[in-house]
Amino acid sequence: MRTHPHRHLTDSLTAVRNLGILAHVDAGKTTVTERILYATGTTHKRGEVHDGTTVTDFDSQERDRGITIFAAAVSCAWDGHRVNLIDTPGHVDFSDEVERSLRVLDGAVAVFDAVAGVEPQSESVWRRADRHGVPRIAFVNKLDRAGADLDTAVASIRERLHPAPLVVQLPIGAEGTFTGVVDLLRMRALVWADGADSPEEGPVPEAFGVEALRRRRLLEEAVADLHPAAMDEFCTRSTVSATTLTAALRDLTRTGEGLVVLCGSAYRNRGIEPLLDAVVAYLPSPLDVPAVRGTHGGVERERAADPQAPFAGLVFKVNATPTGRMTYLRVYAGTLEKGQAVTDVGTGRTERVARILRVRADRHAELDRAVAGDIVALIGPKSARAGATLCDPSAPLLLEPPAVADPVVSVAVEARRSSDTGRLVSALTRLVEEDPSLVVRTDPETGQTLLSGMGELHLEVAVEKVRRAHGLDVSVGRPRVSYRETVARGVSGLVYRHVKQDGGAGQFAHVVLDVEPLDTGTDGADGSAAAFVFRSAVVGGRVPQEYVRAVEAGCRDALAEGPLGGHPVTGLRVTLTDGATHAKDSSEMAFRAAGRLGLRAALRACVMRLLEPVVEVTATVPEDAVGGVLGDLAARRGRVTGSLTRGGTAVLTATVPLAELFGYATRLRSRTQGRGVFTTRPTGLAPAPSPARAAGVEAR
């Protein structure tokens, strides 16, 4: 039976570690988290991703797909320390979950595959952690796999991520014979027997003695180069003690100048206990990181991580559960008690905290209070969203929310049964509350409900969540593109007579219209680019001014549907050149009808051209992928307008039809191994590939 001598927990903030597990897809993040929970006695059975029995991948979709989709928080104890752990997604589509998690973490464990080394998404999350200044240690996982090599993985870290990886362990055995590690600080061996829950400690095996001494020397030299105290001791004694090394490694980790590297095999439960020891020894507590900064009344202020300070916390995740709305919170300062009223600083609303829960993925333990440094879940707040600051009402402080990336992919969603439309709107609203990187909007022209997100898998998961959680039958399709029609060659002198006599006062209006393309760059009255210009060239008062305004209104009515495909018409100038009135039957209504029907007849006689919306795409890709990306843009009818290369990265700018961009996010990632990103900016309209056609001929 396992015993846990380290599970006593102190209350000091110095004994708290808030960390995340970061990595590329399938590097073993969730398995590392499961083994940490098992090693700390939080769980009594090892969960497996392939069996769907993990604690942190508790959502049904995560278990079906075998990947982490939603960041999950768990709490455990090790060596007298409280460890609050967030298992983050590795797939690029869910990078916003990683961003929100990094905002509230004090440290992180970066997990690398011993065979693949640094992978594209490893690089992406590493850069995000750099932006947030999160101290990290590295764990090279899967050393039991064929082709696993610690030195190769470390070389890829040095080349692509960090100039000073500091390896503190030597593997005992390789691939299938990997059984343990040599701790290079204490020069002791830790060996895990098959099926054993904890390692046996002993002297360094004779076969590894020389190599262990050589690597210890390399570690001392590398640390001495980076740390003044270690350098002094190395110069004085020609060696560095384990105590000095530990203190130096802690300092280098917290400043980011060095990266402690450990190794193991999470699946075989080897290397987890030393990893936990390293988390406690090297990663910072809430007291070791700078005081949180916020604003109040336009003035920037600091608030220390002190339980006696006024309460301040940041919401980083919201989850709707069968038992109600759950709000995940990082407490930065003060103490939060059950039943306390707090203020959402952004909205000014008062929220009441009914319950405080110690988080363990989908299971929780109830608390009476949470103090500075804690990561907890709250029951009670009704409207606080991710990024909201909750504060003591008497001492408001607005904290900077996590950045939210702009969505890059959209799909059209609708309920298959019209009676479910209201429920779908409610479900989508809840979805956006939980995940701020999702955007729901209604296209004013097509009337479609569009769901936008970070990638096609992101949207697929979101739609499936609506289906499963709300029992809705939802259809998903490509968003329709809003085309326009314009005049390629106009007509002049088109005569239209509107005569209607059906008893009583009749309707009479006679107009003569010229229609021509609008010059590029013509401005409207408000200074913006004009889509339609109307002017009157009538002389001698043949058409009174009030009827001229009615003709203009009728022409604007006619612009709603063009002759090619019923699309709105843009980019034309209409001139009223002549007309006639009737003493009794002419009216504003008659001239408006004449303007509408007359312009429709004129457009049918014009040569019309179909226009499509185009966007400027800015793609940032590795230099070695430029050829494939340019070929793909050309296949999408893109026109490259610029190219810039810097530091192994190319920035490509191209103008691409919006209709051709569906699926581009996935294609770009596949061509760049997940390292390519792009942004879009609408730039206007351009002729569609079909040739200009005479609408009159088409109609016949």
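Visitor: Let's start with Gly-298: is this residue buried or exposed?

Guide: The general idea is relative accessible area: buried means under 20%, exposed over 50%, and partly exposed in between, using a 1.4 Å probe and protein chains only. Gly-298 has a relative accessible area of 76%, so this residue is exposed. Keep in mind that this is a predicted model, where local features need pLDDT of at least 70 and side-chain atom pairs count only at pLDDT 80 or more, while totals for chains, interfaces and linings use all residues. Residues are numbered from 1 along each chain as its sequence is written, and side-chain values use heavy atoms, with hydrogens and water left out.

Visitor: Where does Gly-298 lie?

Guide: Look in the loop between β12 (292-296) and β13 (299-303). Strands (E, at least two residues) and helices (H or I, at least four) are DSSP runs, numbered from the N terminus. Gly-298 and Leu-398 are 100 residues apart in sequence, yet their C-alpha atoms are 9.8 Å apart in space.

Visitor: How do I read two packed helices?

Guide: You describe them by the angle between their axes and the distance between the axes. The axes are lines fitted to C-alpha atoms, for helices over the stretch in contact, and angles run from 0 to 180 degrees between N-to-C directions. Take α6 (residues 209-226) and α8 (residues 242-255): the angle is about 50 degrees and the axes are 10 Å apart. That makes α6 oblique to α8; under 35 degrees counts as roughly parallel, over 145 as roughly antiparallel, 65 to 115 as roughly perpendicular, and the rest as oblique.

Visitor: Which residues of α6 and α8 make the contact?

Guide: Contact means heavy atoms within 4.5 Å. From α6 they include Leu-219 and Val-223, and from α8 they include Leu-245 and Leu-249. By class, the contact of α6 with α8 has 8 nonpolar, no polar and 2 charged residues. Here Ala, Val, Leu, Ile, Met, Phe, Trp, Tyr, Cys and Pro count as nonpolar, Asp, Glu, Lys and Arg as charged, and the others, Gly among them, as polar.

Visitor: At what angle do α6 and α7 pack?

Guide: Helix α7 (residues 228-237) packs with α6 at about 125 degrees, their axes 6 Å apart, so α6 and α7 are oblique to each other. Among the contact residues are Glu-220 and Asp-225 of α6, with Met-231 and Phe-234 of α7. This contact divides into 7 nonpolar, no polar and 4 charged residues.

Visitor: And how many helices and strands does the chain have?

Guide: There are 16 helices and 38 strands, and 53% of the 700 residues count as buried.
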